[in-house]
Each structure stands twice: as C-alpha cells, then as structure tokens.
Amino acid sequence: SGGMTTRQVQLILDLRPEIIMVTPSYMLTLLEEFERQGIDPRTTSLQVGIFGAEPWTEEMRREIEERFAIDAVDIYGLSEVIGPGVAQECVETKDGLHIWEDHFYPEVVDPITGAVLPDGEHGELVFTSLTKEAMPVIRYRTRDLTRLLPGTARVFRRMEKVTGRSDDMVILRGVNLFPTQIEEIILRTPGLAPHFQLCLTREGRMDALTVRVESRVDTPRGRRVTAAREVESAVKDSIGVSISAEVVDPESIERSVGKVKRIVDLRNLKP
C-alpha cells in the first residue's frame, strides 16, 4: 500500500482536486505520506473530504479537519443496496446523514428481537429499496447501529453517524464494547496517534483485551507508559471493563487502503 499512497499523494498535488472520497482511516495514511514527504497537508487544494465505509468518531473528524484544513463529512452506502449515496451528511450542518427517502425506506430495529423502534432510539438500521428494479431489497438488515432523526439542512430524515456494527461488538466479561469507544479515548489522550488495534486473547477461562496504539512521531518515549495507563484508566471509568494498553512505535500497525481492521481475535490460536 506504500506505493499506492505515494501515487495518490502525487495525484492530489498534480490534479489539485477540491474534493476527496476515501475511508477516514486511509485519509490518515495519506496524511502520514504528506508528512513523510515534508509537505504541509493544509496547503493542498482539498476543501472537502467525504468519508465512509467504516465507523468514525467526532474526534476523528476534528483530527482530519484540523490537520488538512478541510471540511470532513460522512457518506453512507451499501453494496447490497446501491453502493455509496444512500445517505449523505451536509457540509452546512455536519449533524448526521440525510437519507434519500424517495429511493430508500429506513427503519431502526432492536438488533436482538427485530422489533421496530421509534425515531430517536438506537438500534440496527434496516432498508427497503423503493425504486430499485434489478435487485430490490426488502427490510435488509445492515448490522449498522444508529438512530433516525428529523431533517435539518434537507427535508429528508437523518441517520446519526454509525457508532458501530452489531457484529463488531466485543463482549468482554459481560460488558459490550465497540472500537469507536476506544477511538474516542485514544484521540483525546495526548501523545497517541489514531492508529490502533484491539487484540483479543484468552487468559485461563477469561477473555482479555489489549489495545495496541501507535505513539505520535514527536511523543517522548517516557510519555508512552503514562499514556497507556491513561487509556486503561479511561476505558475502566467510561466503559466499565479492565483492559491492557500498549503504546507501540509509529507506523508499526498495518495500514489498509480499504476498510480498517480494528479487531484481531487470537483466542482460538493454539499456544
């Protein structure tokens, strides 16, 4: 992916686009390449970034906007439905994604019982296509967790930014945990970069979780242990479960040009 990243940075410099559309995690990979080449990413022609295909937090939005000097907005799509463009966040408000309800009928259901929930309650997003002819979908369960809200910048209803997927949820000693919760903690911890993985292992009969997170390039080595303990404390205080945190060298966690892989499950590996 290193060669591809270098080529894409060069294309941005040569073609001078005003809009970029990638996954948010790959935008951070591009940021690293700009910095590796000694180019200030705030000086590019980019004005708006459209990001989707994976959950990302408000902290991630601020990180991207500040370091690229752009507006970062969310887009939602499903290859089973139509691909990108099922819903789109407006740059004027950045308060959720307006669903094109003239083409898609949205519902939110309880992910366990399947019962339809009223607007405003969190659950699993379900879509029925209204105008699609070749391969219509009826009450398609997306596994994405969100809630429906009234329209603001547009008349159609909004869906809140996806906070996670029902199949990405980690149940650790009876506590439900999502990667986006860890991301929020990491991004507000000084000295840590927004690149991390959740490593699940088995300790006796109990599951254990280690958060591997990269240090920022300019973070002193003496800060790493302190930052790791701060992550562990914040997870315990806000989520209610004990985990271990390990701060590793910059660029030591594998990068992806597609959807980022946050969870590494090592529980079934033989010793």
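Is Arg143 buried, partly exposed or exposed, and what is its relative accessible area? Arg143 is partly exposed, at 35%, where buried means under 20% relative accessible area, exposed means over 50% and partly exposed lies in between (1.4 Å probe, protein chains only). The views below come from a predicted model, in which local features need pLDDT of at least 70, side-chain atom pairs count only at pLDDT 80 or more, and totals for chains, interfaces and linings use all residues. Residues are numbered from 1 along each chain as its sequence is written, and side-chain values use heavy atoms, with hydrogens and water left out.

View 1. Arg143 belongs to strand 8, and its phi is positive at about 75° although the residue is not a glycine. Helices (H or I, at least four residues) and strands (E, at least two) are DSSP runs, numbered from the N terminus. Arg139 also has a positive phi, near 50°, and is likewise a residue other than glycine. Look for Arg139 in the loop between strand 7 and strand 8 (140–146). With a relative accessible area of 42%, Arg139 is partly exposed.

**View 2. The ring pair of Tyr76 and Phe127.** Five aromatic pairs turn up in a search of the whole structure. Here the ring centres of Tyr76 and Phe127 are 6.1 Å apart and the planes meet at 35°, so this pair is tilted. Rings of Phe, Tyr and Trp (its six-membered ring) pair if their centres lie within 6.5 Å; planes under 30 degrees apart count as stacked, over 60 as edge-to-face and the rest as tilted. The pair links distant parts of the chain, with Tyr76 in strand 3 (residues 71–78) and Phe127 in strand 7 (residues 123–129), 51 residues apart. Tyr76 is buried at 7% relative accessible area, and Phe127 is buried at 0%. Ring pairs also bring in Phe104, which forms a cluster with Tyr76 and Phe127.

**View 3. Trp100 meets Phe156.** The two ring centres of Trp100 and Phe156 lie 5.9 Å apart with planes at 90°, so the pair is edge-to-face. Trp100 sits in the loop between strand 5 (97–99) and strand 6 (104–109), and Phe156 in the loop between strand 9 (148–149) and strand 10 (158–159), so the pair ties together parts 56 residues apart in sequence. Trp100 is partly exposed at 32% relative accessibility, and Phe156 is partly exposed at 21%.

**View 4. Charges over rings.** The charged end of Lys161 sits over the ring of Trp56, 3.4 Å from the ring centre. In the other example, the charged end of Arg262 sits over the ring of Phe196, 4.1 Å from its centre. The criterion asks for NZ of Lys or CZ of Arg within 6 Å of the ring centre and within 35 degrees of the ring normal.

**View 5. The largest nonpolar core.** A nonpolar core is a set of buried Ala, Val, Leu, Ile, Met, Phe, Trp, Tyr and Cys residues joined through side-chain atoms within 4.5 Å. The largest has 24 residues, of which Leu177, Ile182, Val235, Val241 and Ile243 touch the most other members. Among the elements giving two or more residues to this core are helix 4 (179–187), strand 14 (192–203) and strand 15 (206–215). Helix 5 provides the largest share of this core, five residues. Leaving out residues up to four places away in sequence, Leu177 touches Asp168, Met169, Val170, Ile182, Leu198, Leu209, Ile239 and Val241, with contact meaning heavy atoms within 4.5 Å. Another core, of 19 residues, lies apart from it and includes Val9, Ile12, Tyr26 and Ile70.

**View 6. Helix 2 from end to end.** The 13 residues of helix 2 (residues 24–36) should span 18 Å at 1.5 Å a residue, and the end C-alpha atoms are 19 Å apart, which agrees; the expected span is 1.5 Å times one less than the number of residues. Helix 2 is mostly covered, with 10 of its 13 residues buried, including Tyr26, Leu30 and Phe34. Gly38, whose phi is positive and near 75°, follows helix 2.

**View 7. Arg223 in helix 5.** Arg223 lies in helix 5 and is buried, with a relative accessible area of 19%. Beyond its neighbours within four places in sequence, Arg223 is in contact with Thr189, Pro190 and Glu230.
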